[in-house]
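Subject: Structure handover

Dear colleague,

Please find below the structure that I would like to pass on to you. My notes on it follow directly after.

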Amino acid sequence: METEKAIMGRRSVRDYMDKPVPEEIAQQILKAGAMAPSAMDKQPCRFIVISDRKKMGELSKKVKDRLGMLGFGARLAERMKVKEDVIFYGAPLLILIAAGRGDEWAAIDCSLAAQNMMLRAYDLGLGSCFIGFARMLNKDEEALRGLGIKDSQELYCPLIFGYPKEWPHPKVREAKVQESIG
Ligand SMILES: Cc1cc2nc3c(=O)[nH]c(=O)nc-3n(C[C@H](O)[C@H](O)[C@H](O)COP(=O)(O)O)c2cc1C
């Protein structure tokens with residue numbers, strides 16, 4: 001697929017078919033993440049791949065509980081009436097990107113990997129969504145340990161992938177050029 005088509009067509013998907021992502025497709029998405037640029041080519045991203053529904057359900061609950069503590073409870077409860085899993089939207093694949101805690105470039109490095117992965121997923125016929133809420137897991141040491149995320153690491157980019165029930169329409173966005181000098 002042309003890069004332009006992927007960039008213009010990708011949207012966040014929040015409704016997925018009950019169909020697993022084949023291992024070779026997941027590998028291609030991971031490869032796209034690995035190919036992203038990183039500061040000083042340190043390649044700090046570590047990928048945690050989860051396709052176990054039970055595990056995802058547990059993580060979803062932990063995130064929801066944390067959000068509830070922050071007062072997102074009522075709004076989430078409202079959304080719960082429409083969707084069973086308001087965090088991971090029933091996606092069959094969750095990939096968490098972790099890197100060094102306190103590393104000044106880590107958030108940027110992981111985000112570049114994340115965008116590569118979401119575009120590649122689109123290219124392969126899959127939907128995706130960045131789930132920032134799931135960064136709440138950083139506040140849960142036990143959850144991080146259970147995911148194999150070390151004390152020296154932080155979770156930067158949680159991403160879901162899967163086959164969309166429906167593709168959201170592409171959006172048109174314009175660059176907000178603040179200054180054009182020269
Ligand atoms: C840093 C970041 C955090 C996000 N967190 C969430 C989230 O927790 N839940 C969610 O449903 N979407 C989340 N999104 C998706 C955005 O809502 C989405 O990208 C935005 O509305 C634009 O829509 P599009 O991706 O379809 O172009 C996040 C996106 C980014 C970049």
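How many residues does helix α3 have, and how far does α3 reach from its first C-alpha to its last? Helix α3, residues 53-69, has 17 residues and reaches 24 Å, close to the 24 Å expected at 1.5 Å a residue, where the expected span is 1.5 Å times one less than the number of residues. Helices here are DSSP runs of H or I with at least four residues, and strands are runs of E with at least two, numbered from the N terminus.

Two remarks on conventions come before the rest. Residues are numbered from 1 along each chain as its sequence is written. The model is predicted, and local features need pLDDT of at least 70, side-chain atom pairs count only at pLDDT 80 or more, and totals for chains, interfaces and linings use all residues.

To stay with α3, its buried residues are M56, L59, S60, V63 and K64 (buried means 20 or more other C-beta atoms within 10 Å of the residue's own, exposed 12 or fewer, and partly exposed in between, with C-beta atoms placed from the backbone). These residues cover an arc of only 140° around the axis, which puts them on the same side of α3; the arc is taken from the directions from the helix axis to the C-beta atoms. On the other side of α3, K54, K61, D65 and M69 are exposed, and the helix is followed by G71, whose phi is positive, near 90°.

As for the protein chain as a whole, it has six helices and four strands, which follow the pattern α-α-β-α-α-β-α-β-α-β along the sequence. Its radius of gyration is 17 Å, close to the 16 Å that the globule rule gives for 182 residues, so the chain is as compact as a globular protein of that length (the radius is taken over C-alpha atoms, and the rule is 2.2 Å times the number of residues to the power 0.38). Buried residues make up 31% of the 182 residues.

Around the ligand lie R11, S12, R14, C129, F130, I131, G132, F133, P168 and K171, each with its C-beta atom, placed from the backbone, within 6 Å of the ligand.

Finally, M17 is placed in the loop between α1 (3-9) and α2 (23-34), and M17 is partly exposed, with 14 other C-beta atoms within 10 Å. The C-alpha atoms of M17 and I48, 31 residues apart along the chain, are separated by 22 Å.

Best regards
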